[in-house]
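These notebook entries record what I looked up, entry by entry, in the structure shown below.

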Amino acid sequence: MKFSLPLLLLACTLHAKEAPPPAEPAKPGHSMNGDAFNEGPRQAAQLIPGTGDVHFPITTKVANAQKFFDQGIGQLHGFWYFEAERSFRQVAALDPDCALAYWGMAQANVNNPKRAADFMKQAAKRRDKVSRREQLWLDAFAGYYSDSKADEKERRTKVVRALEDLTFEFPDDLEARAFLVLQIWDNSKHGMPLQSRRMLDGLCREVLAKNSMHPGIHHYRIHVWNNQNGDRRAVDSAARCGQSAPAIAHMWHMSGHTFSNLKRYQDAAWQQEASARVDHAYMIDSRIMPDQIHNFAHNNDWLIKNLAYVGRVHDGIDLAKNMIELPRVSATNAKSYALGRERLVDLLLRAELWADLLALEGTIYLEPNPDATAEVSRLRALGVAAFAKGDRARGDSQVSAIEASLKKAREERVASADAAEAKAKTEKKSEEEIAKAMADALRKFNPRMDITNGALAELRLARALLDGRLEAAKTEIAKTRAISSDRQSRIWLELGDKVKAEKLAREAIGKDDQQSLPVANLAWVLWHLGKKDEAKKTFERLRTVASHADLDLPAFSRLAPIAQELGLSADWRTPPAPRSDIGVRPTLESLGPFRWHPTAAPDWSLPDRDGRTHALADFKGKPVLVVFYLGSGCSGCIEQLNIFSPVARDFSAAGISIVAVSTDAVSGLHETFAKASEKSGFPFPILADPGLATFKAYRAFDDFEKIALHGTFLIDGDGLVRWQDIGFQPVRDAKWLLAESKRLLSIPSARNLPAISTASVDR
């Protein structure tokens, strides 16, 4: 059929009127698919062996889309949300019509309901392209995410009902049962009591009867029985959890929960170490910054605690230091750093390593903390160590610092109450409301005041003991609040109260006689009290409990007289009996390194606006900050360069060069210089990478949408990336990054570190 030109013009005019206005182009670095896609992993996924034997059939003609989808499901089961989202993004890239790919992205964002809801909207648009079974999966969660204002318990109940319906209509869908178990357990964590764990365990066993190594079921069974006096019922899953998905660190970690609650700390420490090593290997290989994994810090925190329980204190200290050495994401996101400091101080105090603790003052490991309460804890630790070593002057300086902190806290508390009163009066509140506002303002300072007063009392106690003023010490010990029972027992022994010393030594153990340091302390206290038979009995128990402990620690070295009287050698440790319920374990070394370390930066050689070539090799032996920006047309990038421009001198003073790399061609670099705030332009080279090869090499590139991303990289003189940020927005906090760069560069990139003990795994 032929149309005349007027009719064609009319048709085009009508079509133009009906067509929606063109969408505004996305800002540089921003996703063309909406805000939800700005965040999360934007680099291509890889098929990773060891993410679990699961299969969730989807409607797709692309074989690899199905493989990546199954991988994403396995990663969801391991709470590896960052990589799960990447896998599902890969599915969508391979098959844009796959509705379940967007459902998977939503499931990978259970902790980010807004993003999850946006992903579910994308899934809903493709609902008619999938099978009825897949539609039921979409419908099961659509209401939960889209109707966020509705009652949460009601929404959660609907998900359970929908998954139950799925299991009846599609009885062979094992994933429906697995996700049903997860949903019921998760509901119990949100105010919906779990009426029968045995019932839920029965549902788990239905899946295990068909797939004995289903990763999600082993993971969820551990959660179901954890902390309910039922951990022994999940030992079989604890033995298989990590082995069911060995590439996922959290799956090794979960078994540690079971073994810790059963006071099987040797096994717990093994599991947590396996988790840390897998995480470290993955992050090093993928060039991921540690705290990009939401439970990484939590995993390592548990490992350090379990290492302390079995007496591997030196390894625990080493790992705590490594956590402190890790690059911090930002001024407000430094979870590993904070937990590492907390564990380090706790370990040094518990292990009585006073000289080691004092040696860290003035280093990055124990630098002053801007948080007032955390700073008091640091001063307290240093003061205790100083007085324990007989250094009265150094201890007194910590007392003075805490007294100053207490004074400041009192002043701030009064100011806060005054401000609350003034605000209430301005708002014409009643006298009763004014009084309440002031009381609330004062109450907020109670935790800080309690901690500070307790720390001050503890240091005054330590000083009194050093001076031999025992009565004063007795007065101060009553005011303390953070001294462990085992250390208190030794103090009371020094104060001459034998009854209280023994009582506290026993309390330190309580019902848990498997932690090496408290057991060692009880043996020593009993020996010191002349109760040699009981001391020997306790010591015999300790020999197995501390089978891999560091014998040079004071808690163990002072037991030499007991070992000598028993006719034992200097190494009195006894290997634990082999276990038959731990599954088949790989060697720890095969899973990855004990510590995280930075990776090598890719080489580059790029021209500036004058055609001169600059290369990474030019900075050998000198650190350089490389800023990838998205051309002169990106207003955010120009703002970033103008923020870094005046700070460039400070970076230079710290020995750090700055180089900017643009998506523009050489000719376009002149436009960037024309937008400099300073008349002289930018005080650092700006290089051209129009082909984006360097952007891609540094992964500052969205592989799914084929666009460049903002990126900032700190590369040390050895060519290792010490810090990085890749995303849809540029880094703007130049002053914080300068301070963080100085901190990171103060840590040698390669240290001669002691070997890590792995004796606990030789079973």
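Where does Leu692 lie? I found Leu692 in the loop between strand E6 (686–688) and helix H31 (693–697). I note that the model is a predicted one.

Entry on Leu692. I looked up the backbone and read a positive phi of about 65°, although Leu692 is not a glycine. I then checked the accessibility: Leu692 counts as buried because its relative accessibility is 16%, and the cut-off for buried is under 20%.

Entry on Lys428. I looked up a further residue that has a positive phi without being a glycine: Lys428, at about 55°. I placed Lys428 in the loop between helix H19 (392–426) and helix H20 (431–443). Is Lys428 buried or exposed? Its relative accessibility is 76%, so I recorded Lys428 as exposed.

Entry on helix H26. I traced H26 over residues 532–545, which makes 14 residues. From the first C-alpha to the last I read a reach of 20 Å, close to the 20 Å expected at 1.5 Å a residue.

I next listed the buried residues of H26: Ala535, Thr538, Phe539, Leu542, Arg543 and Val545. Seen down the helix axis, these buried residues fall within an arc of 160°, so I assigned them to one face of H26. On the face turned away from the buried side I noted the exposed residues Asp533 and Lys537.

Which helices do the buried residues of H26 pack against? I recorded helix H13 (265–286), helix H25 (516–528), helix H27 (554–557) and helix H28 (560–565) as their packing partners.

How values were computed: Residues numbered from 1 in each chain as written. Predicted model: local features only at pLDDT ≥ 70, side-chain atom pairs only at ≥ 80, totals over all residues. Heavy atoms only, no water. Helix = DSSP H or I, 4+ residues; strand = E, 2+ residues; numbered from the N terminus. Expected span 1.5 Å × (residues − 1). Buried < 20%, exposed > 50% of the residue type's maximum accessible area, 1.4 Å probe, protein only. Arc of directions from axis to C-beta. Contact = heavy atoms within 4.5 Å.
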